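These are my notebook entries from a reading of one structure. I record what I looked up, entry by entry.

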Amino acid sequence: MGRSGSSGESLTFVSPGALAQGFRAPASHAGGRWFESITPHLRRVTVLGASGSIGQQTLSLLAAYPHKYRLAGLSVHRNTQVLERCLADFLPEWVAITDDQARADFIGRNPLSIPVLSKEALYERLATDPGEVVVNGIVGAAGFWASYYALQHPAARLALANKESLVFGGRWLAPFRARLVPVDSEHSALFQCLHGEAPESVEALILTASGGPFRGKKRSQLERITPDEALAHPVWKMGSRITVDSATLINKALELIEAYWALWRAR
Ligand SMILES: NC(=O)c1ccc[n+]([C@@H]2O[C@H](COP(=O)([O-])OP(=O)(O)OC[C@H]3O[C@@H](n4cnc5c(N)ncnc54)[C@H](OP(=O)(O)O)[C@@H]3O)[C@@H](O)[C@H]2O)c1
């Protein structure tokens, strides 16, 4: 941590990990967007489901492009071990722990100078000050409300991995589609292909199904498969829920619904 005064003001630079070692933002900045005075060009990004596969991949991108992006805030549900690692690597304005018990335990152990939001406070933050981009990597239907509140903010873009948001509530998110960017790989590819094309020129959207651990197996062979076999995706390392859904092809059914709301209706 050091101090500089290139434009006549005193600036505070904070090394990664300083927060974990007890760094406190200056009183005049605490709880505010104090870093903007020193990094006005950075895009503020919120990462939801930061402890998961999508969340961790997003955080590694933020770490790789520190001159472009800054972590506004992040959420985990219960995994406060990963949260502590994130605090050591980044300097978010806030964090959220959406499970009440895990949040209470964490606050008891870690007095932080930044807000540790509950689920309700997270929703409020998403609706009022989510940053420019919200990446939703929450698993399951719980992700819908985070998507919904992030889209209530008039300027934020939602980078959506949580397909359940659209499966569960596509009808309610559809009016905000212009600010929704699909992150799911097939949908992201289609989204990029559709960009700039005349809507009436699109006859069909085709989602591919490339395989999974049970590709080529006969029905009789599927009768005795184990959860471990379903979790052994030959190509991708993803969260356990989507890996099992991929093995059973349920994921592809969810992706069809996701494509309908995110892409087809938007043609
Ligand atoms: N992984 C991929 O490559 C991939 C690809 C395409 C689409 N997706 C989609 O992206 C989403 C995330 O997948 P993933 O593989 O990254 O999942 P994951 O590794 O299981 O991570 C899930 C994240 O959601 C959090 N979470 C769990 N329950 C929650 C709740 N009730 N409320 C709030 N947060 C909760 C978890 O927090 P804790 O760790 O604290 O429990 C964790 O941060 C899914 O919808 C999936 O279908 C993933």
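Entry 1. The model is predicted: I read local features only where pLDDT is at least 70 and side-chain atom pairs only at pLDDT 80 or more, while totals for chains, interfaces and linings use all residues. I number residues from 1 along each chain as its sequence is written. Helices (H or I, at least four residues) and strands (E, at least two) are DSSP runs, numbered from the N terminus. I count two strands as paired if DSSP finds at least two bridges between them.

Strands β3 and β7 run parallel and are joined by 4 bridges. On β4, the residue opposite V45 is L71, and T46 stands opposite G73. I noted 6 bridges between β3 (residues 43-48) and β4, again in parallel.

**Entry 2. The sheet as a whole.** I then followed the strand order, which is β6-β5-β4-β3-β7-β8-β9. These 7 strands make an open sheet with parallel pairing. At its edges stand β6 (116-117) and β9 (180-182); each has a single partner strand, so one side of each is left without a neighbour in the sheet. From β7 I went on to β8 (residues 157-160), where 4 bridges join the two parallel strands. There V133 has R157 of β8 opposite.

**Entry 3. Burial of the strands.** For burial I counted other C-beta atoms, placed from the backbone, within 10 Å of a residue's own: 20 or more is buried, 12 or fewer is exposed, and anything in between is partly exposed. In β4 (residues 69-76), 7 of the 8 residues are buried, so the strand is largely enclosed by the rest of the structure. Strand β3 is likewise largely enclosed, because 5 of its 6 residues are buried. In β7 (residues 133-136), V133 and V135 point one way, V134 and N136 point the other way, and all are buried.

**Entry 4. The ligand shell.** Which residues are closest to the ligand? I found G49, G52, N79, M238 and G239 to be the closest of the 27 residues that surround the ligand. The largest share, 3 residues, comes from α1.

I sorted the shell into 10 nonpolar, 12 polar and 5 charged residues. In this sorting, Ala, Val, Leu, Ile, Met, Phe, Trp, Tyr, Cys and Pro are nonpolar, Asp, Glu, Lys and Arg are charged, and the others, Gly among them, are polar. Domain 1 (39-184) and domain 2 (219-248) both contribute to the shell, so the ligand lies between them. The domain bounds come from an automatic or database domain assignment.

Entry 5. Leaving aside residues up to four places away in sequence, A262 touches L166, L180, P182 and H187; a contact means C-beta atoms, placed from the backbone, within 7 Å. A262 and L166 are 96 residues apart in sequence, yet 7.6 Å apart from C-alpha to C-alpha.

P199 lies in the loop between α7 (185-194) and α8 (227-230). P199 is exposed, with 8 other C-beta atoms within 10 Å. From C-alpha to C-alpha, P199 is 9.4 Å from W264, at a sequence distance of 65 residues.

I also looked up L249, in the loop between α9 and α10 (250-264). Its phi is near 75°, a positive value in a residue other than glycine. L249 is partly exposed, with 14 other C-beta atoms within 10 Å.

**Entry 6. Chain totals and confidence.** I recorded 10 helices and 9 strands for the protein chain. Of its 267 residues, 32% are buried. The mean pLDDT (the predictor's confidence in each residue, from 0 to 100) is 86, and 84% of the residues score at least 70. Over residues 1-32 the pLDDT is below 50, and this stretch has 33 contacts in the model beyond near neighbours in sequence.

Definitions and conventions: Near = placed C-beta within 6 Å. Contact = placed C-beta atoms within 7 Å.
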